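Please read it alongside the structure.

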Amino acid sequence: MSTARRPRGALAALAVGFVAFGAVDGSWAARLPALEQRLSLDSGELGLVIFAVAGCATLVLPLAGWLSSRYGSRGSVGLGLAAAAVGLSLAAFMPGLAPLALAAGVVGAGFGIVDVALNAHGVALEGVAQRPLLSALHGAWSVGLLAGAGIAAAAAAAGASPRLQFPLVAAAVFAVVLFFVPRLLPGRADAAIGSAHFVLPRGALALPALLTFCSMFVEASTMNWSAVFLAGPAGSGPAVAAAGVVAFSVAMAAARFAGDPLLARWGVAGVARRGGLLAAAGVLLAITTRSPVPSLVGFACVGAGCAAIVPAIFRVAGSVPGVGAGAGIAAVATAGYMGSVANGPVIGFVARGVGLAGALALVAAASALIALLGPRLARPR
């Protein structure tokens, strides 16, 4: 096979991997109200389940970075997707809070491994193609998120249980592992480039790590709580509630496919400033109106605002001299996943005291912080 054809095939396979990752995430997030209702969970207990996903994802990030940098990212892509699919299927059948949290932990471990591996492989392909690819690849993840959330919304409207939906989604993911992962670049393409050791997000990585924390806190909070907000304070039905994740996903996908040219025009500082302001405005629209249609518009604004920030920062982290792409991405992603870890318990338990609308004001504050500190970021090369 020619060297020209191999990167093209690997790029297509990598895009499918991002779609599969997003589909599991969207399916999970959009059916949280169904899991909450079936097991009679309150907002604090649901927050613990969400915490299990993000917490386990964060714990495996150092291992994920080491695996991708030491052995190449292709094998880790398959491992992470398979683990997430298994956890998703198990979650549909768990009889109580503790077993559901265990299944959520398996989902989170898969997410952590595949997130680092997919992005590390994207950085390797950018080096081969000599052009930016990560924002569009994250757009493919958003397409998957949209597909998963759309399937979930249709299943909810039809009265179908996650016990039917989740195993079907998992089967599709396993098909991706079998037929598309082998088409990625071989492990030697991005193995042992620089240090494979986990590095701390300090020095030049400190501010990008902080902004990644804020961005992923905003993204995860919107994904995990938009459907719950629509079904609760906004007073919508289950299908409209699931559509909150759909609105977020559509806007994020569109903005990510436009992210590479916007990054070239504005730089990472301008993208962060404009994106943070748009996301903050979207959250405020939702929580001040507490009405289904304005809330859907608001959550779409959050998706568009956050879309290009994380891909741009991952590109920087994966290109640090002397540090393997997987290790560099894992360092910044660890800070970002801390935001994902925080959203579940913080939003859930604050909501117990001030209501969910009041708790989501924290999401607006994190978005504003991105807009405030974004101009301090250097323009990417």
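How many cavities of 30 Å³ or more does the structure hold?

1. The structure holds three of them. A cavity here is a set of points on a 1 Å grid over the protein atoms alone, where a 1.4 Å probe fits but cannot get out. Points are joined across faces, edges and corners, and a volume is the space filled by probe spheres set on the points.

2. On provenance: this is a predicted model, where local features need pLDDT of at least 70, side-chain atom pairs count only at pLDDT 80 or more, and totals for chains, interfaces and linings use all residues. Residues are numbered from 1 along each chain as its sequence is written, and side-chain values use heavy atoms, with hydrogens and water left out.

3. The largest cavity has a volume of about 390 Å³. Its lining numbers 24 residues (an atom within 4 Å of a point). Nearest its centre lie Asp25, Trp141, Met216, Tyr337 and Ser340.

4. Elements giving two or more residues to that lining include α1 (5-30), α3 (43-71), α6 (134-157) and α13 (325-354). Helices are DSSP runs (H or I, at least four residues), numbered from the N terminus. α8 gives the most, with five residues.

5. By class, the lining of the largest cavity has 15 nonpolar, five polar and four charged residues. Asp, Glu, Lys and Arg count as charged; Ala, Val, Leu, Ile, Met, Phe, Trp, Tyr, Cys and Pro as nonpolar; the others, Gly among them, as polar.

6. The second largest cavity has a volume of about 50 Å³. Its lining includes Ser221, Trp225, Phe299 and Val363. α8 again gives the most, here four residues. The classes are five nonpolar, three polar and no charged.

Methods: 1 Å grid on protein atoms, 1.4 Å probe; cavity = no way out; pocket = protein on both sides within 12 Å on 5 of 7 lines; lining within 4 Å.
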